[in-house]
Amino acid sequence: TRMGSQGFREALAARHSGRGRVVGGGGGGLKQRSGAAGWRLMAGSLDFKTHADQACRAADKFVNIYYETMDKRRRGLTKLYLDTATLVWNGNTISGHQALTEFFEMLPSSDFLINMLDCQPVHELATQGQTTVLVVTCGTVKFDGNKQRYFNQNFLLTAQVTPQNTVWKIASDCFRFQDWTS
């Protein structure tokens, strides 16, 4: 997926420092290899800046994977979601793996352009200790046969931890067209 400006990517890259390597995986979700500095520590004793930097790295990778999958390999999109995930698409609620699969298959082909990305870790007290990141995107999308439209999308990503790695999955997704009248 194309990003809105090269400056955004440079600023985001300059903001990122730290350890660990985030990788996209074939099994769906966003994976990070575990280690002494793995994501498992995110909910532990690290300071907020470290949490925020980790959240930004995960969000940047996630956004690239998500919108590229949405535009080019939509059949695999539900692999990025928890089986119990909920999507709210312009006020319409879609829950569960099968319903998400059916919904994404009926959408026309798309071309997303992301203009803004923001993220933050969600405090562990708000998520009962589950490592969670809030990701917010804004941009434009053109669905086949339709005019280009502005949109806003919010994701809650949760970490699914194993001894080998951490897989980030979408727990909640809220998409809304931003139609302004002149």
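Modeller: A salt bridge is taken here as a side-chain nitrogen of Lys or Arg within 4 Å of a carboxyl oxygen of Asp or Glu. The structure is a predicted model, and by this rule it contains four salt bridges. Arg 75 counts as exposed because its relative accessibility of 70% is over 50%. Glu 105, at 46% relative accessibility, counts as partly exposed. In general, side chains of opposite charge can pair when their charged atoms come close.

Helix H3 itself covers residues 97-106, and its buried residues are Leu 100, Thr 101, Phe 103 and Phe 104. Viewed down the axis of H3, these buried residues fall within an arc of 165 degrees, so they line one face of the helix.

What does the buried side of H3 pack against? Its partners are helix H2 (48-72), strand E4 (81-89) and strand E5 (92-95). Between E4 and E5 there is a loop that holds Asn 90. Asn 90 is not a glycine, yet its phi is positive, at about 50 degrees. With a relative accessible area of 22%, Asn 90 is partly exposed. E5 also has the highest mean pLDDT among the elements of the chain, 97.

The largest nonpolar core has 37 residues, and Phe 104 is among the five that touch the most other members, together with Tyr 66, Tyr 81, Trp 89 and Val 135. H2, E4, H3, strand E6 (110-122), strand E7 (132-143), E8 and E9 each give two or more residues to this core. The greatest contribution is that of H2, with nine residues. For Val 135, the contacts beyond four places in sequence include Ala 59, Phe 62, Val 63, Leu 117 and Cys 119, as well as Gln 153, Phe 155 and Leu 157.

Arg 73 pairs with Glu 68, with 3.6 Å between the closest N and O atoms. Both members are partly exposed, Arg 73 with a relative accessible area of 45% and Glu 68 with 26%. Asp 179 pairs with Arg 149, with 2.3 Å between the closest N and O atoms. Because Asp 179 lies in the segment after strand E9 (165-177) and Arg 149 in strand E8 (residues 149-161), this pair ties together parts that are 30 residues apart in sequence. Asp 179 is partly exposed at 49% relative accessibility, and Arg 149 is partly exposed at 24%.

The wider setting is as follows. The chain has three helices and nine strands, which run β-α-β-β-α-β-β-α-β-β-β-β from the N terminus on. Of its 182 residues, 44% count as buried. Among contacts with a separation of 6 or more, 60% join residues 24 or more positions apart. The chain exposes about 9600 Å², of which carbon and sulfur atoms supply 51%.

The mean pLDDT is 78, and 74% of the residues reach 70 or more. Strand E2 (residues 22-24) has the lowest mean pLDDT among the elements, 36. Over residues 1-27 pLDDT stays under 50, and the model has 54 contacts beyond four places in sequence for that stretch. Over residues 31-45 pLDDT likewise stays under 50, with 51 such contacts.

Key:
Residues numbered from 1 in each chain as written. Predicted model: local features only at pLDDT ≥ 70, side-chain atom pairs only at ≥ 80, totals over all residues. Heavy atoms only, no water. Buried < 20%, exposed > 50% of the residue type's maximum accessible area, 1.4 Å probe, protein only. Helix = DSSP H or I, 4+ residues; strand = E, 2+ residues; numbered from the N terminus. Arc of directions from axis to C-beta. Contact = heavy atoms within 4.5 Å. pLDDT = per-residue confidence, 0-100. Core = buried A, V, L, I, M, F, W, Y, C linked by side-chain atoms within 4.5 Å. Areas by Shrake-Rupley, 256 points an atom, 1.4 Å probe, with all protein chains shown as cover.
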